[in-house]
Amino acid sequence: MADAPTLSVTLLGAGQEVGRSCCVLQYRGRTIVCDAGVHPAYSGMASLPFIDELDWSTVDAILITQDGKGKVYMTHPTKAVHKFMMQDYVRMGYIKYFSWEYKTLNFLRSSSSDALFSPLDMTMSLASIIPVSAHQLITVCPGVSFTPYHAGHVLGACMYLIDIAGLKILYTGDYSREEDRHLVKAELPPIRPDVLIVESTYGVQSLEGREEKEQRFTSLVHAIIKRGGHVLLPTFALGRAQELLLVLDDYWKAHPDLHNVPIYYASSLARKCMAVYQTYIHTMNSNIRTRFAKRDNPFVFKYISHVPQTRGWEKKIAEGPPCVVLASPGFMQTGPSRELFEYWAPDSRNGLVITGYSIEGTLARDIMNEPEDFIGLKGNTISRKISVDYISFSAHVDYSQNSEFIEAVKAQHVVLVHGEQNAMARLRGAMASRYKERDEDVKIHTPRNLETLNLSFRGERVAKAIGTLADKPPQANDVLSGLLVAKDYSYTLLDPRDLRDFAGLSTCTMTQRQKIVLGVRWDLVRWHLEGMFGSVEEGLDKDGVPTMRVMGSVDVKQTHDHELTLEWESSASNDMIADSTLALITGIDKSPASVKLTTQSHSHSHSHVHPHADVENASPFLRIQRLVMFLEAHFGKVELHMPDTADEADHEQGEESHDPWLIVRLDEADAQINLLTLEVTSSNEPLRKRVEAVLDMAITTVSSLAESFTSGAPEEEEVLDKTKLPAVDTKELDKEDENSKVTVKPEGEENNGDADSDDSDDGGLLQVHN
């Protein structure tokens, strides 16, 4: 049952770009959407994935997102944070970019005319979210399931191992393989997937270690404070901000000279979400869990406070004494981080520290090139004298972490997403070189947005044998027959008797009856049936009605003087036998053989036997004679070898058995056919195979339909059973058959001048003549 199903991967976002992640997976009629993010460099509808290219009514599940009509799944922490985000957007009424870390459609509006969703939409979306836990197996619909694994990127972030009809796909989303101060690193799933869809944000760039960058970061912040400047740390409300707060709080604790320098966290949303961090301590690393167990809540900061909730606080802080401010959004497109930057940019004492990945087209990315000036939100030109430094606390994997993970997963296909075109191309080239050095055939793909990637997979469908069929382990080349039950793209083979126990299905037997007007004698019907099928069983049924059973499955009953009734249990094979029986009986009165048989008078009382009928109690020698005739038609002269009495005595004493066999000679080679086992042996392999093929045809030819067919035993259907030939009795073969031209002479017996025996001494070999 081999086939080549195709997986279609279509990127509605994050195809050779960073941002608006949205990956559509389609396989065997199922559609799964992974992520539905936004592009921070754009605003409004332009920031969304190309959602018009998908019929969302066909989506079976959406993983970590809030748009669409399918089932929506995200982890418990993500759902909790998502709720606060949505409420904040509705309240604020303008576009924010906190959704960057959580890959959700979180834009609301910049004015009433371009609102993307209403408060009612938000409430309904929250009600449709199904929270899941790490390592929890979720069955979405028949044939589709997934398991979340920790991704380490932000609180609640996870990668998904998706199973669609047996095809396994690992979708990482944004992930980090470095354990930081509060998050565990991304896990390596224990199951090898067929396809890996992985981020490529940093391409082949390698980042410095955590301890080194923390030391460089704190030293830089301390230096800016010492020179009397303000420190601006543009961050997202959630994610890296919590990591930086932990670093700064510990550093301030160890440096008393900084105790009078305030650290502000400019995000009311972050203040609300801090309760989420305290609730889901168990999802964080051992360092956080240990501190929390000792009643030391790491997220209750001593030296960090939230900004005053008063209008114009940005200007007051900007004109105040030196301080450190973590302000959102991280890309400084708008919001508090942008306003503070415009206030502090003209002063060289101040410092800007970019701590995360910046997307092309954002102010954070542009300012890293240290331009002399930039355009403010009001369209004015602002001089830039503030120092600009970049220390990556990004929770994305770098090249060393990403390449190690990709190789450890060992997927057949790797699809790179969420990376700029050049960075993605360099990563693809580097990975291709690594695989080529090890002579591994791994396909690496870098699809663009709206470019559908079709991946074909060849394999065998596996059916599990259960119940009665599994009682006896099969051996090599055994044939198992049963009912093949397909459910949720999995297959089970079981005995019909086990159907109710294992499949919850019931079985029934349908008995069919067909009445026929009979215009001939009962014995003439039997004569024709024996001619067609070889033999029939005759007797009375439980009601005393004369009955002939054809091939053990179809009963022909003489229900009235001029009426026959055919009765059988319906099945594919039984219906076929019934059809042939019906056709035969309805044509009896028109058969020339019937006319000839019934018009000749005779004085004896026995019934005539059809020449093609099985002879009751027929001699085994007659069967062998027919077999020999068939073999001689293909190979010429065939010899019969018999064991002598001395051989039989040795056999009784435990010596090696000497069975009767036929010898077929062709040119200089010969083959032996054991008449008890019907096994063919020969030193010439081509001859052996040819004799086996002819022997199979001979057995089929000399056997009647009744002998070749066994009703009600599916395990034997369409299987040639050679044991149906009667075993050869050597004592019977020692007798001369009166109707045969074959004489059997044991080795050592004198020639008595029989007319059919050969005058030469054959050493126990007898010639078979037609």
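Which residue in E10 is the bridge partner of Tyr 149? In this predicted model, the bridge partner of Tyr 149 in E10 is Met 159, and this pair belongs to a region in which strand E9 (residues 144–150) and E10 run in the antiparallel sense, joined over 7 bridges.

Both strands are members of an open sheet of 7 strands, in which the order is E8-E9-E10-E11-E12-E21-E22 and the pairing is mixed. The edges are formed by strand E8 (138–141) and strand E22 (443–445), each of which has a single partner strand, so that one side of each is left without a neighbour in the sheet. From one strand to the next, the twist averages 20°.

Helix H10 packs on this sheet, where E10, E11, E12 and E21 are touched by the helix, and the direction of H10 makes about 170° with that of E12. The helix, which spans residues 399–409, is mostly covered, since 8 of its 11 residues are buried. After H10 comes Lys 410, which has a positive phi, near 60°.

Because its relative accessible area is 1%, and buried means under 20%, Glu 199 is counted as buried. A polar atom of the Glu 199 side chain lies 2.9 Å from the backbone nitrogen of Tyr 175.

Two packed helices are described by the angle between their axes and the distance between the axes. For helix H3 (residues 210–226) and helix H4 (residues 240–254), the angle is about 65° and the axes are 11 Å apart, with H3 passing H4 in a right-handed crossing. On the side of H3, the contact is made by Arg 210, Glu 214, Phe 217, Thr 218, Val 221 and His 222, and on the side of H4 by Glu 243, Leu 244, Val 247, Leu 248, Tyr 251 and Trp 252. The residues of this contact between H3 and H4 divide into 7 nonpolar, 2 polar and 3 charged.

Key:
Residues are numbered from 1 along each chain as its sequence is written. This is a predicted model: local features need pLDDT of at least 70, side-chain atom pairs count only at pLDDT 80 or more; totals for chains, interfaces and linings use all residues. Side-chain values use heavy atoms; hydrogens and water are left out. Buried means under 20% relative accessible area, exposed over 50%, partly exposed in between (1.4 Å probe, protein chains only). Helices (H or I, at least four residues) and strands (E, at least two) are DSSP runs, numbered from the N terminus. A polar contact is a pair of N or O atoms within 3.5 Å; within protein, one must be able to donate a hydrogen and the other to accept it, and residues adjacent in sequence count only if both atoms are side-chain atoms. Axes are lines fitted to C-alpha atoms, for helices over the stretch in contact, and angles run from 0 to 180 degrees between N-to-C directions. A crossing is left-handed if the near helix is turned anticlockwise from the far one by less than a right angle, and right-handed if clockwise. Contact means heavy atoms within 4.5 Å. Ala, Val, Leu, Ile, Met, Phe, Trp, Tyr, Cys and Pro count as nonpolar, Asp, Glu, Lys and Arg as charged, and the others, Gly among them, as polar. Two strands pair if DSSP finds at least two bridges between them.
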